[in-house]
Amino acid sequence: MPYVLMPRPRIEALGAVFVFGSTDAAMAAIAREVEALRTQGVDVEQLSLSETPLQLLEPICALFVECVEEWEGVVDPIGNPVPCTREARARFPLADKVAVATAYLEQYQALEGNGQRSDVPPTSGTPDDSE
């Protein structure tokens, strides 16, 4: 039986589509931070953006900056398409990086086992009113 290479994840968020490439290194970094937080007694199962520890925000943002390879629908203030470069991805606001990366993590968890436990916590990419 042949190996079937799954298509690259296409994430719809913020009115655009983001296509992720290889996420192995970024996912490993997130898993390491989650384990470190667990050993410190932090409940990482139901985090929201407003209560996500800084140690976890950095690798989640890196997932966006390092792993998004293409996008559709990202435009500048006058409507011109913005090329998907590392520099452009790095300029995204924190909340937007987290929203896209969180949408990826949610899709990843669903594909990995239909919601089975993972080392990556389910987080909400939507900031609450306190921010």
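The chain has 131 residues, and 40% of them count as buried. Its secondary structure comes to four helices and five strands. If you trace the chain along the sequence, the pattern reads β-β-α-β-α-β-α-α-β. Among contacts with a separation of 6 or more, 64% are between residues 24 or more positions apart.

Now to the inside. How many residues does the largest nonpolar core have? The count is 31, and the residues with the most contacts inside this core are Phe18, Phe20, Ile30, Leu63, Phe64 and Trp71. At least two core residues come from each of β1 (10-13), β2 (16-20), α1 (24-39), α2, β4 and α4. Which element gives the largest share? That is α2, with eight residues.

So let's stay with α2 for a moment. The buried residues of α2 are Leu56, Leu57, Pro59, Ile60, Cys61, Leu63, Phe64, Val65 and Cys67.

Next, the aromatics. Searching the whole structure turns up six aromatic pairs. Take Trp71 and Phe92 as one of them: the ring centres are 5.3 Å apart and the planes sit at 40 degrees. Why do we call this pair tilted? Planes under 30 degrees apart would count as stacked and over 60 as edge-to-face, so at 40 degrees the pair is tilted. The two partners come from distant parts of the chain, 21 residues apart: Trp71 belongs to strand β4 (residues 68-72), while Phe92 lies in the loop between α3 (86-90) and α4 (94-113). Both Trp71 and Phe92 are buried. They also belong to one aromatic cluster, together with Phe18 and Phe64.

If you click on Trp71 and leave aside residues up to four places away in sequence, you'll find that this tryptophan touches Val17, Phe18, Phe64, Val82, Pro83, Cys84, Ala88, Arg89 and Phe92.

Two more residues to look at. Most residues other than glycine have a negative phi. Leu14 is not a glycine, yet its phi is positive, at about 55 degrees. You'll find Leu14 in the loop between β1 and β2, and with a relative accessible area of 48% it is partly exposed. The other one is Val34, in helix α1. Is Val34 buried or exposed? Its relative accessibility is 0%, so Val34 counts as buried. Val34 and Val44 are ten residues apart in sequence, and their C-alpha atoms are 7.0 Å apart in space.

Last, a word on confidence. The average pLDDT of the chain is 82, and 79% of the residues score at least 70. Confidence is highest in α3, at 97, and lowest in strand β5 (residues 123-124), where the mean is 48. The pLDDT is below 50 over residues 114-118, a stretch with seven contacts in the model beyond near neighbours in sequence. Residues 124-131 are also below 50, and that stretch has 14 such contacts. Where pLDDT is low, the predicted coordinates should not be read in detail.

That's my tour, and I'm happy to take questions.

Methods. Residues numbered from 1 in each chain as written. Predicted model: local features only at pLDDT ≥ 70, side-chain atom pairs only at ≥ 80, totals over all residues. Heavy atoms only, no water. Phe/Tyr/Trp six-rings, centres within 6.5 Å; stacked < 30°, edge-to-face > 60°. Buried < 20%, exposed > 50% of the residue type's maximum accessible area, 1.4 Å probe, protein only. Core = buried A, V, L, I, M, F, W, Y, C linked by side-chain atoms within 4.5 Å. Contact = heavy atoms within 4.5 Å. pLDDT = per-residue confidence, 0-100.
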